[in-house]
Amino acid sequence: MHVIEPAAGTTDRRVFVDQQSPDAYRALSATAEAVRKVAADAGLDRLLVELINIRVSQLNACAFCLGLHTTRALRAGETTQRLGVLPAWRDTELFDPRERAALALAEATTLPTDEDAQTSAYGIARSVLSEDEISAVIWVAITMNAFNRVSVLSKHPVRGRAAAPAG
């Protein structure tokens, strides 16, 4: 097998694909705006949308999107306790049936090769969510997955913020 070696000094530098191909990124952003409207029209509140965004970003290990959407969720009123246990949401009673159905469906959308999980998630979603809500959850997860790919492959940096003053 022939291996192509990268040029010296180029292995750690990534192309920010959103900046390199701005028309494609604008189209993705326009899709995200349409999905926000679909979610709102279906009755998904901002907190649920952010929970979906965060859970999908956790599964994709997207640090940039995790930072962004955690901040948005906190601003929208989400609790640190629920955010802290989100990776283990199935093992808590902190999420209501509607949120649990949406999270399961978002996970199935993100990890579509697990057919059993997908079938189970869809069945649960059908018992709790309307068809509009199911469609909106899937679209939110699809869009978040796309943004995760942009950020992960571009290695978008996560910058720290100054700590809040004590007291």
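Let's begin with a pair of helices: α3 (residues 46-59) and α8 (residues 131-154) pack at an angle of about 45°, and their axes are 9 Å apart. Keep in mind that this is a predicted model.

**The α3 and α8 pair**
- With that angle, α3 and α8 are therefore oblique to each other.
- Their crossing is right-handed.
- On the α3 side, the contact is made by Val-49, Ile-52, Asn-53, Val-56 and Ser-57, and on the α8 side by Val-137, Val-140, Ala-141, Met-144, Asn-145 and Asn-148.
- Sorted by class, the residues of this contact are 7 nonpolar and 4 polar, with no charged ones.

**The largest pocket**
- The largest pocket has a volume of about 420 Å³.
- Its lining has 25 residues, and those nearest the centre are Leu-68, His-69, Arg-72, Met-144 and Phe-147.
- Two or more lining residues come from each of α1 (17-20), α2 (22-42), α3, α4 (63-75) and α8.
- Among these elements, α8 gives the most to the lining, with 7 residues.
- The lining of the largest pocket divides into 14 nonpolar, 7 polar and 4 charged residues.

**The second largest pocket**
- This pocket holds about 180 Å³ of space.
- Residues lining the second largest pocket include Trp-89, Arg-90, Arg-100, Glu-107, Leu-111, Asp-114 and Ile-124.
- Helices α6 (97-110) and α7 (115-128) each supply at least two residues of this lining.
- By class, the lining of the second largest pocket has 7 nonpolar, 1 polar and 4 charged residues.

Key:
Residues are numbered from 1 along each chain as its sequence is written. This is a predicted model: local features need pLDDT of at least 70, side-chain atom pairs count only at pLDDT 80 or more; totals for chains, interfaces and linings use all residues. Side-chain values use heavy atoms; hydrogens and water are left out. Axes are lines fitted to C-alpha atoms, for helices over the stretch in contact, and angles run from 0 to 180 degrees between N-to-C directions. Helices (H or I, at least four residues) and strands (E, at least two) are DSSP runs, numbered from the N terminus. Angles under 35 degrees count as roughly parallel, over 145 as roughly antiparallel, 65 to 115 as roughly perpendicular and the rest as oblique. A crossing is left-handed if the near helix is turned anticlockwise from the far one by less than a right angle, and right-handed if clockwise. Contact means heavy atoms within 4.5 Å. Ala, Val, Leu, Ile, Met, Phe, Trp, Tyr, Cys and Pro count as nonpolar, Asp, Glu, Lys and Arg as charged, and the others, Gly among them, as polar. On a 1 Å grid over the protein atoms alone, a cavity is a set of points where a 1.4 Å probe fits but cannot get out, and a pocket is an open set with protein on both sides within 12 Å along at least five of seven lines; lining residues have an atom within 4 Å of a point. Grid points are joined across faces, edges and corners, and a volume is the space filled by probe spheres set on the points.
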